Amino acid sequence: SFDRIVVAWDASRPAKRALQDSLPFLKKAKAVQLATVGRESDDLPPHLGRLEILRHLRLHGVEATFEHVDQGGLDIGSALLRDAHLFQADLLVLGAYGHTPTAEVLFGGATRTVLARAELPLLISH
């Protein structure tokens with residue numbers, strides 16, 4: 001069972017889809033954390049809609065918390081995996097972006113990092 005779930009959240013279309021796709025699991029979880037990644041000093045833009053998304057989840061019977069994850073010099077994917085480990089997550093949920101092959105080689109990506117290094121189950125939506 002997936003009692004502790006981390007959802008990577010940046011208010012993007014893939015993140016919204018992943019959140020929606022994971023609702024059956026979130027409803028059964030004992031602890032749900034929405035994780036945003038950035039430097040600790042960064043203020044999240046208002047469009048991330050923390051209160052709105054928490055309210056949406058509550059309407060579906062899911063109590064969740066937000067965690068602003070400090071990258072600490074890590075790439076986004078590694079920071080998400082570290083946060084999931086610290087949260088003792090049983091499942092990591094994230095939206096996947098599609099990049100051109102050239103962009104993937106040049107810039108990598110959180111999805112690629114998570115797929116390569118994850119030691120827990122993933123739910124990835126694209």
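The legends below describe close-up views of a predicted model. Local features need pLDDT of at least 70 and side-chain atom pairs count only at pLDDT 80 or more, while totals for chains, interfaces and linings use all residues. Residues are numbered from 1 along each chain as its sequence is written, and side-chain values use heavy atoms, leaving out hydrogens and water.

**View 1. The open sheet has 5 strands in the order S3-S2-S1-S4-S5, with parallel pairing.** Strands (DSSP runs of E, at least two residues) are numbered from the N terminus, and two of them pair if DSSP finds at least two bridges between them. Strand S3 (64-70) and strand S5 (122-125) each have a single partner strand, so one side of each lacks a neighbour in the sheet. From one strand to the next, the twist averages 20°.

**View 2. Strands S1 and S4 (residues 91-95) run parallel and are joined by 3 bridges.** Valine 7 has valine 93 in S4 as its bridge partner.

**View 3. Phenylalanine 2 and phenylalanine 25 form an edge-to-face pair.** Rings of Phe, Tyr and Trp (its six-membered ring) pair if their centres lie within 6.5 Å; planes under 30 degrees apart count as stacked, over 60 as edge-to-face and the rest as tilted. Here the centres are 5.5 Å apart and the planes stand at 75°.

**View 4. Two arginines lie over phenylalanine rings.** The rule asks for NZ of Lys or CZ of Arg within 6 Å of the ring centre and within 35 degrees of the ring normal. Arginine 4 is 4.1 Å from the ring centre of phenylalanine 87; for arginine 50 and phenylalanine 66 the value is 5.1 Å.

Definitions and conventions:
Helix = DSSP H or I, 4+ residues; strand = E, 2+ residues; numbered from the N terminus. Axes fitted to C-alpha atoms, helices over the stretch in contact; angles between N-to-C directions.
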